[in-house]
Amino acid sequence: MSNNQTNNNSNLSFLERLMLLDRRWVFLVLALVVVSTYYIPMKVPVPASTEVRSIYDAVEGLKEGDKILLAIDYDPNALAELHPMTYAILEQCFRKKVGVIITSLSQNGPGMAEQAILDIVDSTALPRTYNGVSYPGREIINGVDYCFLGYRAYFELVITGMGQNFRTFYSRDYYDVLLDSIPIMKDVQNYDDIEMVIDISGSNVVDAWIKYAAARYDVKLALGLTGVMMTDYYPYLGSGRIFGLMGGLLGAAEYESLADNPGLAMDGMKVQVWAHITIILFILIANIGYFGTRKKRGL
Amino acid sequence: MNPLLSFGDYLWMTFAAFLTLATFSFLYKDNPLYKFAEHLVVGVSAGYFVIILYYGSLKTQLVEKLINHEWVYLIPLVLGVLMWTRFNKKLSWVSRYPIAIYIGIATGLAIPLEMQTKVTEQLEAMMVYIQWNDLLAGGFWNYTNSFAALLVIIGTLAALIYFYFSKEHKGWFGGVATVGIWTLMLGFGASFGATVMARISLLINRVQFLDQWRINSVGSVHQEGSGSYTAIYWVVLLGMLGLLVVDLIRTKGKTETDLN
């Protein structure tokens, strides 16, 4: 910093200096708050909202042998918020012996889906107790307990096509196995043969599920969305076009709480609390600086 | 240390941690580590998508169909090839035909469903029967479905009036328009709050990941072979710090134009 700038800054009032604060200080403080509170052993209560509970109840109400379609339509950039939802739902289905047909209509989605499947297959091999119900560990078999169909381009057409027959766009699954030779897909022709679709999405694929699956084929649809997207899709709850909505890390934490399966989302909620308090404080400080210097700036 | 994490897996995890830290280094200032991470992500994503597109769509939806003598698939093939005429100035007009067909199909599919989900069903959702007796009996501030419905109706009508510019926003009309803008602000506020939560979630996830990396690196130094993990951890951290310091010294007092 030059001498002139130093002299100019020393003549400024505290409030004026506040307005010129380098934003990198904000980043640093926020990073310190997030990192330090991450290590604080603290539990935040996560009461479940009606829209998340309705998804949990719908999955919990499924019988052994029922099938659902889980659409994993997000890329790594939305992993932080959406992976916990996928993990919780997959584990719940596998524990209850509900068949899961998995699609991935986002271009980098197959990697997300495979990671989630492999992790939950490992986790389901161990005995666990959820909400007081003990589940023995069991081997999850590809083709019997789940089927991963993979990615196809032009999601609007794929979603419409699956309403007629899954084989229209998916003659083979992600691992190049003919769909007709996969046990879980034997009696599945189209959406009529599955109980519901849960779309975990970080992109506009969700619009296509609402239009081309829920509206066109009257499919029972629930959504898991990023925090940025969630407010845009609440109107569909009001109109009844979707029966449930999980939004962002909070939605994921609510689902984990309901499923009695605490994971990364519930772990992150305590940090969310402190980070939000910090951001609110920054907003207040910035407003004090803004209004305090208005007169001097001739506003 | 997670006993299941092999040395190969640990190296991949370390590479991911390196990319995470390299990306965060941009928050201080642009630097070669960030540029490396950025270019790598863009390049890998593009390469990955091309392969996924070929094996996931072109091979199964076109190549195999043609091999099986399903000649009807020649039509989309020809339409696809015609798209490429855009690269030739004289022939580029031909590409309008496949584009017209694609847009025609997409529009035909979308418009009725768009109207249904975004207009008619939303209007229907607004037309709810408000049970005034229940609402008043429960107290105005008692949150009931009727109260929520009433708020939605008032908010929607007021917001629509705000966007009606053929009449000056004065008097009772201006008052309703003010309610409209407050409704909009509430909506924007909810979106902003959710966006803040989303961004913080990304940071939390990276902190969780980096902590896992730390635990795998130095968490249990007593395990056999974990010394090499710890060494790699410190080499990566100190190496990155060193590179950033060198870059800071190199670029001190220089503008972006000087560096280019």
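Predicted model: local features only at pLDDT ≥ 70, side-chain atom pairs only at ≥ 80, totals over all residues.
**Exercise 1. Getting an overview**

Task: Find how many helices and strands there are in chain A and in chain B.

Solution: 
- Step 1. Start with chain A, where 11 helices and 8 strands are present.
- Step 2. Turn to chain B, which has 9 helices and 0 strands. Its pattern along the sequence reads α-α-α-α-α-α-α-α-α.
- Step 3. In chain A, 45% of the 299 residues count as buried. In chain B, 10% of the 260 residues count as buried.

**Exercise 2. The layout of chain A**

Task: Work out which residues form domain 1 and domain 2 of chain A, and how many Å separate their centres.

Solution: 
- Step 1. Domain 1 of chain A is written in two pieces, 3-41 + 270-292, while domain 2 covers 50-262.
- Step 2. Taken over C-alpha atoms, the centres of these domains of chain A lie 41 Å apart.
- Step 3. For the chain as a whole, the C-alpha atoms of chain A fill a box of roughly 80 × 40 × 35 Å along the principal axes.
- Step 4. V273(A) sits in helix α11 (residues 264-292) of chain A. Between V273(A) and M185(A) there are 88 residues in sequence and 44 Å in space, C-alpha to C-alpha.
- Step 5. For contrast in topic, take R172(A) and L149(A): they are 23 residues apart in sequence and 7.3 Å apart in space, again C-alpha to C-alpha. R172(A) belongs to the loop between α7 (155-164) and β6 (196-201) of chain A.

**Exercise 3. Helix α1 of chain B**

Task: Check the span of helix α1 (residues 7-24) of chain B, then decide where its buried residues fall when you look down the axis of α1(B).

Solution: 
- Step 1. Helix α1 of chain B has 18 residues, and at 1.5 Å a residue it should span 26 Å. The C-alpha atoms at its ends are 26 Å apart, so the two values agree.
- Step 2. Pick out the buried residues of α1(B): Y10(B), A17(B), L21(B) and A22(B).
- Step 3. Viewed down the axis of α1(B), the buried residues fall within an arc of 135 degrees, so they line one face of the helix.
- Step 4. Recall the geometry: an α-helix has 3.6 residues a turn, so residues three or four places apart point the same way.
- Step 5. Now look at the other side of α1(B), where G8(B), D9(B), W12(B) and F15(B) are exposed.

**Exercise 4. Counting neighbours**

Task: Are N131(A), D218(A), V273(A) and R172(A) buried, exposed or partly exposed?

Solution: 
- Step 1. The cut-offs you need: 20 or more other C-beta atoms within 10 Å for buried, 12 or fewer for exposed, and partly exposed in between.
- Step 2. N131(A) has 9 C-beta neighbours inside 10 Å, so this residue counts as exposed. N131(A) lies in the loop between β3 (128-130) and β4 (133-135) of chain A, and its phi is near 50 degrees, a positive value in a residue other than glycine.
- Step 3. D218(A) has 12 C-beta neighbours inside 10 Å and therefore counts as exposed. D218(A) is in the loop between α8 (205-217) and β7 (221-225) of chain A. Although D218(A) is not a glycine, its phi is positive, about 55 degrees.
- Step 4. V273(A) is exposed because 12 other C-beta atoms lie within 10 Å.
- Step 5. R172(A), with 19 C-beta neighbours inside 10 Å, counts as partly exposed.

How values were computed: Residues numbered from 1 in each chain as written. Chains lettered and ligands numbered in written order. Domains from an automatic or database assignment. Helix = DSSP H or I, 4+ residues; strand = E, 2+ residues; numbered from the N terminus. Expected span 1.5 Å × (residues − 1). Arc of directions from axis to C-beta.
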